Amino acid sequence: MTALQTLTVLGSTGSIGRSTLDVVARYPERYRVYALTAFSRVIELSELCLTFNPVYAVVADDASASLLREKLQGGANATEVLVGEAALARVAEEADTVMAAIVGAAGLLPTLAAVKAGRRVLLANKEALVMSGALFMRAVREHGATLLPIDSEHNAIFQCLPANHAQGLASVGVEKLLLTASGGPFREFSVEQLQSITPAQAIKHPNWSMGQKISVDSATLMNKGLEFIEACWLFAARSDQIDVVVHPQSVIHSMVCYADGSVLAQMGQPDMRTPIAHALAWPERIASGVPALNFAQLTALTFEAPDLQRFPCLRLAKEAMTAGGTHPAVLNAANEVAVAAFLAGKLDFLGIARVIEQVLNEIPVSAAEELATILAADAEARQRAHAIVAHYLSKTGEG
Ligand code: NAD
Ligand code: MG
């Protein structure tokens, strides 16, 4: 008999948040939704509150809180509405399990709060780990948190590793982690074609249905770059122990190569409910609502090396990891600003990598031991990235 766990979903209105609640709704005897949070989609949050009746709902500002209270009034629902960052941290600290599914740097503080409270943390918010890797992993160890990867690749690797992998990859016979990448929607595009990509094209991923930011990251391969850094921290891997393999069908979600020549792969439909259900129930297994693969209907599985010339974001991320310190945080912040500018029509697709590279060149690497240093590097990188985007705009006359 499994004990009832309380669950906070940070970023409940997003793609991962909704997939999480889809799985959770199947197991009322296992999971009690403690808190749901959202940034702007208050109407959607009100519907989720009516369905899951959490103890708390957290929104970003007073106007959203008033609207949410109005929507919840009169019903049998007893949800208390809280506002702001301190409330996000509080609901992350108070639940047994926390799904960290806020997108971007905004997820760092509440995710760290859950870690420092020693919770079971299901990590979708890769940006948090990219920004603060050393500090984050130290907090996991010091506070006895259980960190389980939700990113499909990292969840796949976790499933293919032996239980004692924390003692060191080499000592458990692991030679390489093979991080698979779909290659995104523009895998076969020439540089000329990449120049004129529109936001609408970039957010349509061929295999996965995801939020806008990660969809653009998948198209530039920055998502794989962030995942490369994420894998280094999660599995205590050196850069030379991780290879990226482009596998356009997204059937294999990643692999682990062992010293004896064995390669273990985790396979499945491209549906995030599988890694979510895996991490929710770990070390048990529960049904996720995802059908099994039908091998009779599968087309050929193909593999190729990534092209770092056409997709420089993956190279930039690897270089930032090698540089270490605050550089991954700078990379992440510059990317967030550049992607937002691209989505707003203020920067062309190839401009994303140019902005990030320029910001990385302008900001020297500092040690990233303290949260304050990391947040300062994040702020400075955003400021520089905004200035560079504004400069491009003035040159192209679009502004
Ligand atoms: P999304 O855009 O669909 O949802 C983001 C959620 O975060 C929403 O609930 C939104 O309200 C909340 N949010 C946004 N900005 C916020 C802020 N400033 N403060 C508080 N809350 C805020 O994103 P998603 O696709 O669900 O991705 C979430 C995270 O999971 C990302 O870090 C992404 O890289 C990672 N991830 C997603 C997928 C996927 O399939 N969608 C796969 C692997 C990893
Ligand atoms: Mg992924």
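Predicted model: local features only at pLDDT ≥ 70, side-chain atom pairs only at ≥ 80, totals over all residues.
Modeller: Residues are numbered from 1 along each chain as written, chains are lettered from A and ligands numbered from 1 in written order, and side-chain values use heavy atoms, without hydrogens and water.

Biologist: How many residues surround ligand 1?

Modeller: A residue is near a molecule if one of its heavy atoms lies within 4 Å of it. Thr13, Ile16, Phe39, Glu127 and Gly211 are the closest. The count is 21 residues.

Biologist: Which residue has a backbone N or O atom 2.9 Å from an oxygen atom of ligand 1?

Modeller: A polar contact is a pair of N or O atoms within 3.5 Å. A polar backbone atom of Gly11 is 3.2 Å from a ligand 1 oxygen. For Gly14 the distance is 3.1 Å. The residue at 2.9 Å is Ser15.

Biologist: What angle do helix α10 and helix α14 pack at?

Modeller: Helices are DSSP runs (H or I, at least four residues). Axes are lines fitted to C-alpha atoms over the stretch in contact, and angles run from 0 to 180 degrees between N-to-C directions. The two axes are 10 Å apart. The angle is about 100 degrees.

Biologist: Why is α10 called roughly perpendicular to α14?

Modeller: Angles of 65 to 115 degrees count as roughly perpendicular. α10 and α14 pack at about 100 degrees, so the label is roughly perpendicular.

How values were computed. Polar contact = N/O pair within 3.5 Å; in protein donor to acceptor, adjacent residues only side chain to side chain. Helix = DSSP H or I, 4+ residues; strand = E, 2+ residues; numbered from the N terminus. Parallel < 35°, antiparallel > 145°, perpendicular 65-115°, else oblique.
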